[in-house]
Amino acid sequence: INLKTLLPFTSGGILIYNPSLNALEVKAYLGPKLDEFKGTVEIGKGITGNCFLQKKPIIVPDVRKDKRYLPGAPNILSEIAVPLIFQNEVIGVLNLESSKVNEYNEEHLRILNYVASHVALAIRNAMLFEEVERKAEEMRILNEISSTSISILDTRKLYRIISKKIMEIFNVDTYYLAICDHKKDTIYFPIFIDRGKPLKLKPLKISQSSGLTSWIIKNKKPLM
């Protein structure tokens, strides 16, 4: 679908909800100052943030008179935003802006809603495909960890390989592997990585420690 042939606009974008950030991420943008529109929009902020929050389209005849408007592209005077909905779930927002006052009407809204339904379906299908690929990759890595654990007898080498594989699955800044020796009442940290740099941590006494690691060991439960 070529929006330029259906609707007038100076700039426009597709914003997708990122639950980990609880914000809308600009995934596609067409208009001036292209490099400046690659960030996020808070839910409930601006026209797009309010469109997502309310799950309803918004037409702004004159952005200068709307307190919700957040300045973006230059010389914008009117705006229209519609939620991207898939199976009653809002996954993002489709947004168009114009340099003319009172540019958009109900007919434009009808067309944009039609376009948004197709965009939402395409995006959701792409998301599902990425999720399947991600889970398949995680299973591959977990299988590698399992086979490695059986074949390698050198514990230091085993710890390094397991840590590397786990870091491939989880996108984290800090990671550590804690090994406990109950007979010695001690927790060892053979692997500790902080922002990509390996660090050395002193062993801790389980009975004397009140940290999260000792809590997990004592209670034998995961913690999130």
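## Aromatic pairs and a charged surface patch

Tyr-176, Phe-189 and Phe-192 are joined into a cluster by ring pairs. The model described here is predicted.

Across the whole structure, a search finds three aromatic pairs. In one of these, Tyr-17 and Phe-52 count as stacked, because their ring planes stand at 25° and planes under 30 degrees apart meet that criterion. The ring centres of Tyr-17 and Phe-52 are 5.0 Å apart. This pair links distant parts of the chain, with Tyr-17 in strand E1 (residues 11–18) and Phe-52 in helix H2 (residues 46–54), 35 residues apart. Tyr-17 is partly exposed, whereas Phe-52 counts as buried.

Tyr-176 and Phe-189 form an edge-to-face pair, since their planes lie at 65° and the cut-off for that class is over 60 degrees. The centres of these two rings are 5.6 Å apart. Here too the pair links distant parts of the chain: Tyr-176 belongs to strand E7 (residues 174–181) and Phe-189 to strand E8 (residues 186–194), 13 residues apart.

The accessibility of the paired residues is as follows.

| Residue | Relative accessible area | Class |
|---|---|---|
| Tyr-17 | 26% | partly exposed |
| Phe-52 | 11% | buried |
| Tyr-176 | 35% | partly exposed |
| Phe-189 | 11% | buried |

A further feature concerns charge. On the surface, Arg-156, Lys-157, Arg-160 and Lys-200 gather in a patch of positive charge. Arg-156 is located in helix H4 (residues 155–169). With a relative accessible area of 62%, Arg-156 is classed as exposed, because the threshold for that class is over 50%.

Note on methods
Residues are numbered from 1 along each chain as its sequence is written. This is a predicted model: local features need pLDDT of at least 70, side-chain atom pairs count only at pLDDT 80 or more; totals for chains, interfaces and linings use all residues. Side-chain values use heavy atoms; hydrogens and water are left out. Patches are made of residues with over 30% relative accessible area and no salt bridge: like charges are joined within 9 Å, nonpolar side chains (Val, Leu, Ile, Met, Phe, Trp, Tyr) within 5 Å. Accessible areas come from the Shrake-Rupley method with a 1.4 Å probe; for residues, only the protein chains shown count as cover. A salt bridge is a side-chain nitrogen of Lys or Arg within 4 Å of a carboxyl oxygen of Asp or Glu. Lys and Arg count as positive and Asp and Glu as negative; His and the chain ends are not counted. The place of a charge is taken as NZ of Lys, CZ of Arg, CG of Asp or CD of Glu. Helices (H or I, at least four residues) and strands (E, at least two) are DSSP runs, numbered from the N terminus. Buried means under 20% relative accessible area, exposed over 50%, partly exposed in between (1.4 Å probe, protein chains only). Rings of Phe, Tyr and Trp (its six-membered ring) pair if their centres lie within 6.5 Å; planes under 30 degrees apart count as stacked, over 60 as edge-to-face and the rest as tilted.
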